[in-house]
Amino acid sequence: MQVFVDQSLRPHPHLAVFGSSKVGNYVVTTPLLRGLKEKYPDCTLDFFGSDVTQDFELYCPYIDWRFSLYSDRDDILAQLAQVVHQRQQVAGPYDLAINCDEFSPINLVMTTALRPRYVTGAALTQDFQKKLDGGENANSIQRLLQDQDWNSSELVERHQGVIQSNYIGEIFCRLAYVKTDFFKLELPSQEPNFPVPDVLIHVTATRPAKLWPIHAWQQVIQWCAAQGLSVGLVGSAPKIQKTLYNAGSIEDELLQTTALIDLRGQTSLLELAGAFLQTKAFISVDAGPLHIAAAVGCHTIALFGNDVDGDGASPIHLWKPRQPHVHLALSTFKCTLCQEHSFSNKSCLVVDHPCMSHLSSEQVIDYLQCLLKKQDLRKIRKKRRRASGFLQGTAKTG
């Protein structure tokens, strides 16, 4: 097993990509999946993902086979050994394994346990004793991998000529020596079985440090109601929201005090993507649904507790969507504590959570008002062009 430095692979190579259990992580992996198929069009691409993201994985045109590495099944290890053996019987030994989650212990172990010819991303040595690295002769890509702060605003400068941005989607591609449109995200979708509200919101996150105050959400929802706009709350089922996504009482209070429509647990990931295709706007803290909305082209207002320099609650340089239809609502409060703790702190380290409380509801309402006006203007112009005979044919739906 060797570190991958863009060596030639055999004809019809067998590739393995290791994802994670988080929705956002899967979404930003799609440029890599596409890029691998562009680089190795005759390859067989196996994806090791999760039960959470399997809907997207099953319908991804670039994945030939997938397995839920992240699953609550009792027989997961026995089944994993069996399916890996079967895959090697079908497509031969693994030529290249790519780890897209260096913080996952199971990814570290499995990337090495496959015994691929080449490996990139974090992995262990063949005896599982320590992290695998490029040694003293590490090339520029290996030095990028070893950099401990991918969120740094100086990352591009430190690795000039290697990366154009420190967007996580690009970094995944660079580790595999893949060139593609790093910012183009692709997801399948399915129409939901309910009328989609004018505006959708998502208020929870895996880190409480990224949550927006309830009174700010109430003001936005009340403004929408005053404009005659319906607002729907999306997310997992209520119990899961409280257990995994720090919902606490905020969702219950919003549902009790506003005209919010409860859509939690009513969509698969495919249907959630479909809902984003139909809604006028989506407002969300930094969480998985934000990346889904960005991928399908939904007009999105992203609530980041970061200031204009990128300092704040989220690793924004690394994770912010680069799509033009995603608008960042930033905080006026500067705090570098989360960055100093490598974003390992779950909750805010400052009293009163100022980074998020200094992101005003007025700013979000202004963004929303502007988005809705632009959409109305586009509709008016489109109707005028149709009336003038400039538009011909029928638009495709997807």
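This is a predicted model: local features need pLDDT of at least 70, side-chain atom pairs count only at pLDDT 80 or more; totals for chains, interfaces and linings use all residues.
Residues are numbered from 1 along each chain as its sequence is written, and side-chain values use heavy atoms, with hydrogens and water left out.

Next, switch to a cartoon display. The chain comes to 17 helices and 12 strands; these are DSSP runs, numbered from the N terminus, with helices (H or I) of at least four residues and strands (E) of at least two. Along the principal axes, the C-alpha atoms fill a box of roughly 65 × 55 × 45 Å. Of the 398 residues, 54% count as buried, where buried means under 20% relative accessible area, exposed over 50%, and partly exposed in between (1.4 Å probe, protein chains only).

Now select Leu-32, Leu-36 and Ile-292. Within the largest nonpolar core, which has 61 residues, these three touch the most other members. Such a core is a set of buried Ala, Val, Leu, Ile, Met, Phe, Trp, Tyr and Cys residues joined through side-chain atoms within 4.5 Å. Helix H12 (residues 269-278) gives the largest share of this core, six residues. Stay on Ile-292 and show its surroundings: beyond four places away in sequence, its contacts include Val-23, Phe-56, Leu-187 and Phe-276. Contact means heavy atoms within 4.5 Å. Then select Val-220, Leu-229, Ile-301 and Leu-359, which are among the 34 residues of a second, separate core.

Move to Asn-107, in helix H5 (residues 105-113). Is Asn-107 buried or exposed? Asn-107 counts as buried because its relative accessibility is 0%. Among the residues that Asn-107 touches, leaving out those up to four places away in sequence, are Phe-18, Tyr-70 and Asp-101.

Finish in the loop between strand S1 (2-3) and strand S2 (14-18), where Asp-6 lies. Most residues other than glycine have a negative phi. The phi of Asp-6, however, is positive, near 70°, and Asp-6 is partly exposed because its relative accessibility is 37%. His-12, found in the loop between S1 and S2, has a positive phi of about 50°. At 52% relative accessibility, His-12 counts as exposed.
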